[in-house]
Amino acid sequence: EVPAYDLAGSGCAGFVLGLDVACARARWRGERVLLIGVEVLSRMMDWQDRNVCVLFGDGAGAALLGPLDGRGGAEVLAVVAGTEGARADILGLEVGGSRRPVTAEHVRDRRHLKIEMKGREVFKEAVGRMSEASRAVLARAGLDLEDVALVVPHQANLRIIRAVAKALGVPLGRVAVNVDRYGNTGSASIPLALAQARDEGRIQPGDAVLLTSFGAGFHWAAALLRF
């Protein structure tokens, strides 16, 4: 009987958008909230479309939010998020929602698996929105980029990650990157990269860590954590 929210429509931005919702509920209720970013994208891929299917991977990551009780973890300093519905056509599924439900004809033609992705426009929007959101969340927390120990971006592709780092003026040595090993795992990519960075000792007590993401819809979000 625990209430649940599904943010699947926001695609790759789902984990950080979920963090915004989860923080509000945890603070209001004083209870713990389980936030999960999970993708089984292999079930949604058209494996005959080699331009798209090779980019994505399956994965899952989770975080428990609630009152800090001295057992470690991180404080969420600030979260910002946004959506531009007029740009929804550059990244998403044409078939499968309430406007165009899946039909037998769609399945026969494999159209329910077709991901609409306008690469150049996605690149421009992703870099711009992730950079803007990063600066906005830092301003909300009263910090500067020099105060950030590590940036954990959505692992869409290396070109976008490098462009965001350049736009922010952050060297790649302060950016978490694992897309070369796991592919684009959607809403799981940030918790996976964050957990890996902690396991590798790249995050120390007192460090400020910036999360920034974008996804279908067109959605974006950023969060700032203090470990």
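**Exercise 1. Determine whether the radius of gyration of this predicted model agrees with that of a compact globule.**

Solution. The chain has 227 residues, for which a compact globule would have a radius of gyration near 17 Å. The protein has 18 Å, which agrees. The model is a predicted one. Next, consider the extent of the C-alpha trace: along its principal axes it spans about 55 × 45 × 30 Å. Buried residues make up 45% of the 227 residues, and 71% of the contacts with a separation of 6 or more join residues 24 or more positions apart.

**Exercise 2. Describe the accessible surface and the charged side chains of the protein.**

Solution. The accessible surface comes to about 12200 Å², and carbon and sulfur atoms account for 51% of it. The protein carries 28 positive and 26 negative side chains. The centres of these two sets lie 3 Å apart.

**Exercise 3. Classify Arg27 as buried or exposed.**

Solution. Begin with its location: Arg27 belongs to helix 1, residues 14–29. The cut-off for an exposed residue is over 50% relative accessible area. Arg27 has 60% relative accessibility and therefore counts as exposed. As a further step, compare positions in sequence and space: Arg27 and Pro67 are 40 residues apart along the chain, while their C-alpha atoms are separated by 7.9 Å.

**Exercise 4. Identify the buried residues of helix 7 and the elements against which they pack.**

Solution. Of the 7 helices and 8 strands in the protein, helix 7 covers residues 189–199. Its buried residues are Ser189, Ile190, Pro191, Ala193, Leu194, Gln196 and Ala197. After the helix comes Gly201, with a positive phi near 75 degrees.

**Exercise 5. Locate the largest nonpolar core and state which element gives the most to it.**

Solution. In soluble globular proteins, nonpolar side chains tend to be buried together. Here the largest nonpolar core has 32 residues, and Val137, Ile160, Leu210, Phe214 and Leu224 have the most contacts inside it. At least two residues each come from strand 3 (75–83), helix 4 (119–141), strand 6, helix 5 (158–168), strand 7 and strand 8. Helix 4 gives the most, with 7 residues. To examine one member, take Leu210: beyond residues up to four places away in sequence, the residues it touches include Val137, Leu145, Leu150 and Leu224. A second, separate core has 27 residues, among them Leu35, Ala176, Ile203 and Ala223.

Definitions and conventions. Residues numbered from 1 in each chain as written. Predicted model: local features only at pLDDT ≥ 70, side-chain atom pairs only at ≥ 80, totals over all residues. Heavy atoms only, no water. Helix = DSSP H or I, 4+ residues; strand = E, 2+ residues; numbered from the N terminus. Rg over C-alpha atoms; globule rule 2.2 N^0.38 Å. Buried < 20%, exposed > 50% of the residue type's maximum accessible area, 1.4 Å probe, protein only. Contact = heavy atoms within 4.5 Å. Areas by Shrake-Rupley, 256 points an atom, 1.4 Å probe, with all protein chains shown as cover. Lys, Arg positive; Asp, Glu negative; His and termini not counted. Charge placed at Lys NZ, Arg CZ, Asp CG, Glu CD. Core = buried A, V, L, I, M, F, W, Y, C linked by side-chain atoms within 4.5 Å.
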